[in-house]
Amino acid sequence: MPYIRVPKGWEMPERLATPEDIYMNRRKFLKAMGFAGAGLVVGCAGERPADGKEAGGRSLARAAPEGIYPAERNPAYTLDRALTDEAVAARYNNFYEFSPVKEQVWRLVDRFETRPWTVEVKGLVEAPRVYDVDDLLRRMPLEERLYRFRCVEAWAMAVPWTGFPFKALIDEVQPRPSAKYVRMVTFLRPDQAPGQVEQHWYPWPYYEGLTIEEAMNELTLLVTGIYGHELPKQHGAPVRLIVPWKYGYKSIKSIVSIEFTHRRPPTFWNDAVPHEYDFWSNVDPGVPHPRWSQATERLIDTGKRVPTQRYNGYADYVAHLYA
Ligand code: MTE
């Protein structure tokens, strides 16, 4: 979601940091691509491997304990549209920690280490604790669910996620009555994530939030796998959120901490571009984003355009939360 950005007075303009000929060529390239973002940095294009499997394979750490995947599919969560081609989904990612260019992310995740990995659960809970992700994988009720996934940029996919209900973890830590919201944070590792250095103006690390009712909704998953195997790094290994009735940016990747709070937590994109992204971010075809109509969505593998549904088709599960 690159956006038109006016650099703050104290920030060095990109043209001062980059040799002028490279800068000018990059500007031409971005213009040709339809990007006008004043601060956008594009990663270097590498060699494109021939087949899609390599996209998943190259970035798959194969770090999860044996025998976890595939998990049994829960037939209650199925779809009216075909699943997205796995290789397409694995090469078209929003993960700004690595690059703002979706097609580049999967090439840039090699140095990202996803084991060992812990998730700290803290704040207004009776039983705060630090979870090892492999302990979660062994103990939690893993299942596969087919969900629609809708990005605010008006593209969509349909994905088999493997994970467990966020509620299962919330029940373990026992939130206090004063806990009203959940704040989640991603890693900060500039040595492994080039986007955290190149896009220095963003308020890293990435953070998101939900109300406690949203977090405990039956649709809300903590996801560790996709297409019957563990998450490739570019999809947010080793553990990410999926809230399928909200625009994709709410589904924070590679979570390192979960905090229960009594105040609504700030969120990354709302802090970065407040007039474009709000806290709620529920999919709504009737409310256009300043840069994208939300009436329809483009399926990323076929290119077909289909109408967008309120709450991304999940109104029966969540509309009551906003009555
Ligand atoms: N989480 C982190 N930490 N960093 C990100 O840049 N991008 C969000 C979301 N979670 C993002 C993130 C956006 S904008 C989208 S659309 C989805 O991840 C994309 O998920 P996918 O690459 O698995 O399709």
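## A salt bridge between Arg115 and Asp134

Arg115 and Asp134 form a salt bridge, with their closest N and O atoms 2.9 Å apart. The term stands for a side-chain nitrogen of Lys or Arg within 4 Å of a carboxyl oxygen of Asp or Glu. This pair links distant parts of the chain, 19 residues apart. Arg115 sits in the loop between α4 (86-89) and β1 (118-123). Asp134 belongs to helix α5 (residues 133-139). Helices (H or I, at least four residues) and strands (E, at least two) are DSSP runs, numbered from the N terminus. Across the whole structure, a search finds 19 salt bridges.

The model is predicted: local features need pLDDT of at least 70, side-chain atom pairs count only at pLDDT 80 or more, and totals for chains, interfaces and linings use all residues. Residues are numbered from 1 along each chain as its sequence is written, and side-chain values use heavy atoms, with hydrogens and water left out.

## Around the ligand

Which residues come nearest to the ligand? They are Tyr96, Glu97, His235, Arg240 and Lys253, out of 20 residues around the ligand. A residue is near a molecule if one of its heavy atoms lies within 4 Å of it. The shell divides into ten nonpolar, seven polar and three charged residues. Here Ala, Val, Leu, Ile, Met, Phe, Trp, Tyr, Cys and Pro count as nonpolar, Asp, Glu, Lys and Arg as charged, and the others, Gly among them, as polar.

## Polar contacts and cover

An oxygen atom of the ligand lies 2.7 Å from a polar side-chain atom of Arg240. The protein covers 100% of the 540 Å² of accessible area that the ligand has on its own. Such areas come from the Shrake-Rupley method with a 1.4 Å probe.

Two peptide bonds ending at a proline are cis. The bond from Trp204 to Pro205 has omega near -5 degrees, and Pro205 lies in the loop between α7 (194-198) and β6 (207-211). The bond from Ala237 to Pro238 is cis, with omega near -5 degrees. Pro238 lies in the loop between β8 (229-230) and β9 (240-242).

Tyr311 is not a glycine, yet its phi is positive, about 55 degrees. Its place is the loop between β12 (305-307) and α10 (315-318).

How values were computed
A polar contact is a pair of N or O atoms within 3.5 Å; within protein, one must be able to donate a hydrogen and the other to accept it, and residues adjacent in sequence count only if both atoms are side-chain atoms.
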